Structures are given as structure tokens and as C-alpha cells.
Amino acid sequence: MKLLQFLKNWTLPVSMVSGALAYLVCHMLPLTYEVKSDILYATEVLQPILLFLMLFVAFCKIKPTDLKPHRWHLWLLLTQCLLFAAAAIGLWAFPDTSYRLTVEGFMLAIICPTATACAVVTQKLGGDSAATTSYTIIINLVVALLCPLLLPLAHPQAGMTFLPAFMVIINKVFPLLIVPLFLAWFVRYLMPGLHKRIVNTKDLAFYMWAVSLAIAIAVTCKALVHSHESMWNVGGIAVVTLAACLFQFGFGKWIGRHYGVRMEAGQALGQKNTVFIIWLGYTFLSPITATAGGFYSIWHNIVNSYQLYKKQQYLSQLKNITS
């Protein structure tokens with residue numbers, strides 16, 4: 001029972017350590033190239049499936065009428081878009097800067113849309129998951145428009161103009177965001193029995209996220225181990241992603257405080273879809289910048305672990321007072 005309670009209280013740190021250890025074990029074992037390829041393929045297939053199911057479960061718990069824009073959403077959008085645009089214009093103006101990789105890592109950490117798991121964590125922290133889900137949808141649509149405009153400017157590639165880049169991003173966003181939303185609404189109105197069972201299954205999406213997080217950390221370890229970049233560049237990306245993470249959680253909470261949604265705004269701005277960062281780096285920038293997603297995954301999950309720990313402490317104290 002103590003072990004189960006420990007795993008429940010520290011799910012995210014355990015998941016992160018498990019992902020790192022799983023990769024290191026596979027890396028050190030004398031496995032054939034074919035076996036390693038099969039493991040890599042399995043993770044590449046499993047991760048989007050988990051994200052899809054996690055978001056589907058989260059959407060099942062939210063009424064369609066609760067999904068609406070809020071005034072604080074605009075401030076978060078402006079923050080992400082203006083900082084991203086400033087960094088992109090800076091790289092366009094100074095293309096030969098020695099800080100290019102660091103700036104690109106910062107760009108990815110800023111513009112990346114809110115994580116699909118944000119609603120799960122928000123609900124776990126006792127907040128309004130519908131508000132963060134609404135922002136998740138909005139920021140994904142904005143990213144699909146803004147990134148094709150500015151990424152080719154910051155990092156020119158042959159043949160990568162607005163329309164091809166837009167289609168590539170939409171093909172990535174649509175299946176993992178819009179489809180589970182419509183599927184959740186279909187189940188809510190046409191399969192009420194199944195919908196009730198999904199809603200009543202406690203913490204289902206949270207534990208899906210824990211498995212997805214372990215995979216993400218394993219992928220991060222792989223990228224770092226096989227990286228041929230200097231420690232200076234890798235360390236620079238680690239530092240700027242940490243700074244971006246702390247800034248976004250802090251600034252989001254500062255904005256949210258004025259609207260009575262301090263925790264929700266902090267999560268919406270600070271918790272990122274790190275799988276998307278990795279993909280965006282590989283697709284539009286350079287492979288080393290994809291490590292920004294891995295580092296950010298570590299930083300924002302440390303923040304989330306601390307917040308969940310503080311929430312658990314508060315609930316325990318409240319239980320002791322009332323008992």
C-alpha cells in the first residue's frame with residue numbers, strides 16, 4: 001500500500017526516471033539493429049495513440065458549451081506571438097549569429113502550443129479544464145498560421161514556403177486535436193453509456209499521460225546521446241528552455257491573477273506539447289534544436305510535479321483538520 005501511495009503521489013517523477021532508465025538499458029544491451037528499430041517504431045506509433053486517447057478522454061469530461069474564448073486568452077496569445085516574431089526577425093536580420101541554435105531553441109519553447117495534457121493536469125489541480133482546453137484549440141490554430149509565415153524567414157529552406165509549411169503543420173495538428181474533439185462529442189450525444197463509463201474512470205487520462213511522458217523522456221535521452229553538437233550549444237538550449245519555462249508559468253499566473261484564473265493561465269502558457277517542439281525542430285529548423293522539446297519536457301514536468309505535490313499536501317492537511 002505504501003508503494004502504491006508513493007507511485008500515486010510521485011507519478012510524474014517516477015515516469016520521467018522510468019523513461020530515462022528504459023532508454024539507457026536499451027542503449028547498453030547488445031540488441032541487434034533490427035530490434036532497436038522495432039522498439040523505436042513501436043514508440044513512434046504508441047505516443048500519438050496515447051496523446052489521441054488522452055485528449056479524447058479529457059474532451060469527454062468537458063461540455064461543448066464550456067469551450068469558449070476568454071479575455072485572458074488574448075494576453076497569452078500576444079505574449080507567445082510577439083516573442084516568437086521578435087526572435088524570428090532577429091535571426092532574419094542576423095543570420096550568421098553564433099547564438100542561432102540557442103535562439104531557435106527559445107523560439108520553439110515560446111511558440112509551442114499548449115500540451116494536450118494541460119486539461120488533465122488542470123483538472124488534477126482543481127482548476128477549470130474547459131478554459132485551458134479552449135486555449136489549447138486556439139493556440140494550435142494560431143501556430144498553424146504563424147509558424148509557416150515566420151519559420152522560413154528565420155531558417156530558410158529550399159521549397160519551404162507558407163502553403164507547404166501550413167499543410168505540413170495542419171496534417172500534424174488536425175488528427176491529434178480536432179478529431180478527438182469531434183469523437184468525444186459523438187460519444188457524448190450518441191453513446192451516453194460509454195460516455196458515462198469514460199467520465200467515471202478516475203485519473204484515466206492522467207496515467208495515460210504518465211506513460212506518454214516516459215516515452216518522451218526516452219526520446220529526449222536518445223537525442224542527447226546521439227547529438228554531435230558541442231556541450232556549449234546543448235547547454236545553451238537547456239538554459240534558454242528553462243528560462244522560457246519559468247517565465248511562461250510565472251507570467252501566465254500573473255496574467256491569470258487579474259482574471260481569477262491564476263493556475264489555469266499558468267498551465268495554459270507554461271505547459272507545452274513537447275512532442276510538437278521536437279517535431280517542429282526536426283522539420284523546420286535543425287535536429288539539435290529538437291532537444292529543446294526534451295529539455296522543456298523535463299522543466300515543465302518538474303514544475304507540474306511540484307504543483308501536484310503542493311496540492312496533495314494541501315488536501316492532506318485539509319483532511320487532518322476535518323477528521
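**A helix contact and its setting**

Author: In this predicted model, the protein exposes about 16100 Å², and carbon and sulfur atoms supply 71% of that area. The fold has 14 helices and zero strands. Of the 323 residues, 49% count as buried. The C-alpha atoms fill a box of roughly 65 × 55 × 40 Å along the principal axes. A compact globule with 323 residues would have a radius of gyration near 20 Å, and the protein agrees with this because its own value is 20 Å. Among contacts between residues at least 6 apart in sequence, 83% join residues at least 24 apart.

Now the part in question. Helix α8 covers residues 162-190 and helix α9 covers residues 192-200. Their axes come within 6 Å and cross at roughly 115°. The crossing of α8 with α9 is left-handed. On the α8 side, the contact is made by Val187, Arg188 and Leu190; on the α9 side, by Pro192, Leu194 and His195. The residues of this contact divide into four nonpolar, one polar and one charged.

Thr133 is found in helix α7, which spans residues 129-154. Thr133 counts as buried because its relative accessibility is 3%, and the cut-off for buried is under 20%. Leaving aside residues up to four places away in sequence, Thr133 touches Phe59, Ile62, Leu67 and Ala119.

How values were computed. Residues numbered from 1 in each chain as written. Predicted model: local features only at pLDDT ≥ 70, side-chain atom pairs only at ≥ 80, totals over all residues. Heavy atoms only, no water. Axes fitted to C-alpha atoms, helices over the stretch in contact; angles between N-to-C directions. Helix = DSSP H or I, 4+ residues; strand = E, 2+ residues; numbered from the N terminus. Left-handed = near helix turned anticlockwise from the far one by under 90°. Contact = heavy atoms within 4.5 Å. Nonpolar A, V, L, I, M, F, W, Y, C, P; charged D, E, K, R; others polar. Buried < 20%, exposed > 50% of the residue type's maximum accessible area, 1.4 Å probe, protein only. Rg over C-alpha atoms; globule rule 2.2 N^0.38 Å. Areas by Shrake-Rupley, 256 points an atom, 1.4 Å probe, with all protein chains shown as cover.
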